[in-house]
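Student: Please go through this entry with me, one topic at a time.

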Amino acid sequence: MPFPFITGQAKQPPAQPVPLPQPSRDKQLDPAGYLMDQELADAVNVALLLSKPLLVTGEPGTGKTQLAYRVAWELGLGEPLRFDAKSGSTARDVLYRYDILRRFHAANTHSGSQKNLDYLTYESLGKAIVLSCEQRDVKDFIPSDFEHTGPKRSVVLIDEIDKAPRDFPNDLLLEVENLEFSIPELSTQRPSARVKANPELRPILILTSNSEQNLPDAFLRRCIYYHIRLPDETSLLDIVRIRLPEVSSVQENSPLLDSALDFFFDVRKLGLQKPPSTAELLDWLQVLEQYGVKQSTRIMDAREPLLKSLSTLAKTQEDMVELTDLVKRRFPKDA
């Protein structure tokens with residue numbers, strides 16, 4: 001069934017489920033296609049040289065999260081160990097989780113393992129620290145279901161750290177600086193329940209922030225900082241051609257891409273509540289292609305598909321109204 005899949009006019013459901021396309025995000029998320037400018041590469045290299053965390057800020061959709069995947073890919077370290085910060089996150093959550101309820105039940109019913117270690121699960125940073133060590137050195141801290149594939153270096157991504165409570169970064173200071181942590185839940189079975197990273201295989205930390213709140217100065221001083229800006233038009237064209245080869249033209253000049261980028265930058269000048277970024281641009285171009293807009297067509301000559309696709313660029317009702325008004329003013333129906 002051709003796009004669009006929903007018309008709102010059907011009188012009865014189809015005899016068979018309507019087939020939908022497979023997600024095309026694999027190509028968009030492929031770290032091999034991630035483009036970074038020299039300034040960003042320099043910041044990454046400085047962080048690697050000094051073994052310090054890299055704190056990356058920027059608008060949503062500018063590629064902060066995918067940077068960690070690119071760094072891990074380029075260094076041959078596999079996928080990053082990712083932790084998504086939330087409003088209730090604590091510093092311990094980045095290291096490990098301890099299932100105290102299940103342990104309490106086992107103790108009271110005398111069923112299951114009676115070892116505290118078997119109720120512990122390592123999270124991103126804690127897992128990276130354990131994996132950096134020789135297995136024999138951390139054997140007393142490895143739960144039975146933990147697969148130790150080290151010793152090896154890992155990339156750790158702590159995403160949207162500004163969503164966590166303000167004391168979250170400060171509580172992480174010791175672990176981030178020394179890459180070691182204690183496990184109080186194991187202290188009854190092991191007098192010194194402390195794990196420290198192998199200094200030769202220290203995890204690489206990449207932290208992202210949307211700048212929704214200021215981070216503590218003490219934490220910032222321990223990080224290398226970089227702000228990812230929206231790419232310029234030339235860079236965006238390169239990104240589109242790499243990420244969306246089925247959409248973009250191989251020609252140097254594409255009326256659709258050129259006019260679409262002009263419109264995109266005009267939209268960003270409107271002062272929207274949530275201006276679109278690179279990710280929204282890629283989504284928008286895919287939708288235009290599915291609506292049948294050819295590369296030889298200028299965006300001003302595709303008024304109806306443009307109006308139908310604005311939901312990829314607007315993220316609030318107010319922004320949608322402003323974008324719709326912009327299209328109707330700039331590209332009148334009877335022009």
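Tutor: Arg229 counts as partly exposed, because its relative accessibility is 49% (buried is under 20% relative accessible area, exposed over 50%, partly exposed in between, with a 1.4 Å probe and protein chains only). This is a predicted model, in which local features need pLDDT of at least 70 and side-chain atom pairs count only at pLDDT 80 or more, while totals for chains, interfaces and linings use all residues. Residues are numbered from 1 along each chain as its sequence is written, and side-chain values use heavy atoms, with hydrogens and water left out.

Student: Which residue does Arg229 form a salt bridge with?

Tutor: The partner is Glu39, and the closest N and O atoms are 3.1 Å apart (a salt bridge is a side-chain nitrogen of Lys or Arg within 4 Å of a carboxyl oxygen of Asp or Glu). This pair links distant parts of the chain, 190 residues apart: Arg229 is in the loop between β9 (224–227) and α10, and Glu39 is in helix α2 (helices, H or I of at least four residues, and strands, E of at least two, are DSSP runs numbered from the N terminus). Glu39 counts as partly exposed, because its relative accessibility is 44%.

Student: How many salt bridges does the structure hold?

Tutor: It holds 16. One of them joins the side chains of Arg92 and Glu185, at 2.7 Å from N to O. Arg92 is in the loop between β2 (81–84) and β3 (96–98), and Glu185, 93 residues apart from it, is in the loop between β6 (180–182) and β7 (194–196).

Student: Is Glu185 buried or exposed?

Tutor: Glu185 counts as buried, at 18% relative accessibility, whereas Arg92 is partly exposed at 33%.

Student: Changing topic, at what angle do α10 and α11 cross?

Tutor: The axes of α10 (residues 233–243) and α11 (residues 255–268) cross at roughly 125° and come within 11 Å (axes are lines fitted to C-alpha atoms, for helices over the stretch in contact, and angles run from 0 to 180 degrees between N-to-C directions). The two helices are therefore oblique to each other (under 35 degrees is roughly parallel, over 145 roughly antiparallel, 65 to 115 roughly perpendicular and the rest oblique).

Student: Where does Gly33 lie?

Tutor: Gly33 is in the loop between α1 (25–29) and α2 (38–50). Gly33 counts as buried, because its relative accessibility is 12%. The C-alpha atoms of Gly33 and Arg243 are 6.7 Å apart, although 210 residues separate them along the chain.
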